[in-house]
Amino acid sequence: MAALQRELIERKGWIRQDDFALAYSLARITPGTNLLAFCAATGARILGLWGALVAVLAISVPSTVLTVLITAGYETWRSNASVTAAVGGTVAAVVGMMWASVWLLVSPHLRRPMQVLRALIFTGGAFLAVWKLGLTPVQVIALAALLGFLWKEPAAE
Amino acid sequence: MNLIVLYLLLLKATLTSFSGMASLPVVRNDFVVERHLLTDRQLNTAVVAGRTGPGPNGLYVVSVGYFVDALPGAFAAFLALITPAFLVIPMMRWLRERAGTPRIRSAIQAVILASAGLLLASSIPLAGDAITGYVPLAIVAVTFVVLSFTRVDSAWLMLGAAVVGLVAARA
């Protein structure tokens, strides 16, 4: 992001700082991968729909090809003992990565007691709704959106 | 599996999440629990493949698509990955003012918090599969701490974990 900001605003002068900030904030509330939405927004601001398309493809195609190659590599070599051992280590890292993602999603909302309570209710509630009540993730997300709309976040008041 | 169904299932996952990894619970529910198209082990491997290289966090869906239907599946998954990004264009027009309103912002924050709970629930069976001894447990703990509190790239942790797993297996 910092590299894009320097390149697009300071070096090329293609967009203004406030447009960049708007693209960033809207990308945060766009479903899906925020970075892709940010590139679409920035590209659209510079060159319209074609700009959005080119920006999204430029950021996603090389890494997608690499991901396919890595996956194919895992498939080809999965019977190899060394590869299996290495993948076993990385699978453990994925679990740590998922728990870190949980922390990074929740921690910005733990600044005040009411925020902590709200985070506990929504995060813990979603966990229990799936784990114990058998609700689907989509149902939980829809319910969270509705409850969040009705119960305003303390910092937003 | 029909590629359109694959695309729509993955699109549902990406459309109902607000960060790359947050789509994982929906993917697991549809592909592992409901349709048995993937095992937890394959889903784990997909996440590893998605995070080993550079690029956006949600890339693991491409690997999921590849596991389900090879290259055509990967392409369908790629389309499902990038499609939601274009929603930002009409949003720039229509949500420019509303995005800052307290209730909309509050609803989005609630969805983000709920996503964390869903991600935690998804991690439980994966953790059961991955933590088979003290070494994997240590890898989990170190990865959690480093990614939570430093800016080290996850690709380095993946590489380190692979080396530790290899060394531990030969020891």
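The face of helix 7 of chain B that is turned away from its buried side carries two exposed residues, B:Tyr134 and B:Phe149. In this predicted model, the buried residues of helix 7 of chain B are B:Pro136, B:Ile139, B:Val140, B:Thr143, B:Phe144 and B:Leu147. Viewed down the axis of helix 7 of chain B, these buried residues fall within an arc of 130°, so they line one face of the helix. The cover over them includes helix 4 of chain A as well as helix 6 and helix 8 of chain B. Helix 7 of chain B has 16 residues, and its reach of 22 Å from first C-alpha to last is close to the 22 Å expected at 1.5 Å a residue.

Helix 8 of chain B, residues 154-170, can be read in a similar way. With 17 residues, helix 8 of chain B reaches 24 Å between its first and last C-alpha, close to the 24 Å expected at 1.5 Å a residue. Its buried residues are B:Leu157, B:Met158, B:Ala161, B:Ala162, B:Val164 and B:Gly165. They cover an arc of only 165° around the axis, which puts them on the same side of helix 8 of chain B. On the other side of this helix, B:Trp156 and B:Arg170 are exposed. Among the elements that cover the buried residues of helix 8 of chain B are helix 4 (81-106) of chain A and, from chain B, helix 3 (40-52) and helix 7 (134-149).

Stepping back to the whole of chain B, there are eight helices and zero strands, and from the N terminus on the elements run α-α-α-α-α-α-α-α. The C-alpha trace of chain B spans about 60 × 40 × 25 Å along its principal axes. Of the 171 residues in chain B, 55% are buried. Among contacts in chain B with a separation of 6 or more, 59% join residues 24 or more positions apart.

The contact between the chains takes 73 residues from chain A and 87 residues from chain B. On the side of chain B that touches chain A, the elements giving two or more residues are helix 1 (3-15), helix 2 (24-34), helix 3, helix 4 (60-82), helix 5 (88-94), helix 6 (102-130), helix 7 and helix 8 of chain B. Helix 6 of chain B gives the most to this side, with 23 residues. By class, the side of chain B that touches chain A has 59 nonpolar, 24 polar and four charged residues.

The largest nonpolar core has 106 residues, and those with the most contacts inside it are A:Ala40, A:Ala41, B:Val61, B:Val64, B:Ala77, B:Val88 and B:Ala114. Helix 3 (residues 34-77) of chain A supplies the largest share of this core, 15 residues. Domain 1 (1-60) and domain 2 (110-157) of chain A both give residues to this core, so it lies between them. For B:Ala77, leaving aside neighbours within four places in sequence, the contacts are with B:Leu10, B:Val61, B:Val62, B:Val64 and B:Gly65.

A:Glu7 is exposed because 11 other C-beta atoms lie within 10 Å, and a residue counts as exposed at 12 or fewer. A:Glu7 and A:Trp103 are 96 residues apart in sequence and, C-alpha to C-alpha, 31 Å apart in space.

Technical notes
Residues numbered from 1 in each chain as written. Chains lettered and ligands numbered in written order. Predicted model: local features only at pLDDT ≥ 70, side-chain atom pairs only at ≥ 80, totals over all residues. Helix = DSSP H or I, 4+ residues; strand = E, 2+ residues; numbered from the N terminus. Expected span 1.5 Å × (residues − 1). Buried ≥ 20, exposed ≤ 12 C-beta atoms within 10 Å, placed from the backbone. Arc of directions from axis to C-beta. Contact = placed C-beta atoms within 7 Å. Core = buried A, V, L, I, M, F, W, Y, C linked by C-beta atoms within 7 Å. Domains from an automatic or database assignment. Nonpolar A, V, L, I, M, F, W, Y, C, P; charged D, E, K, R; others polar.
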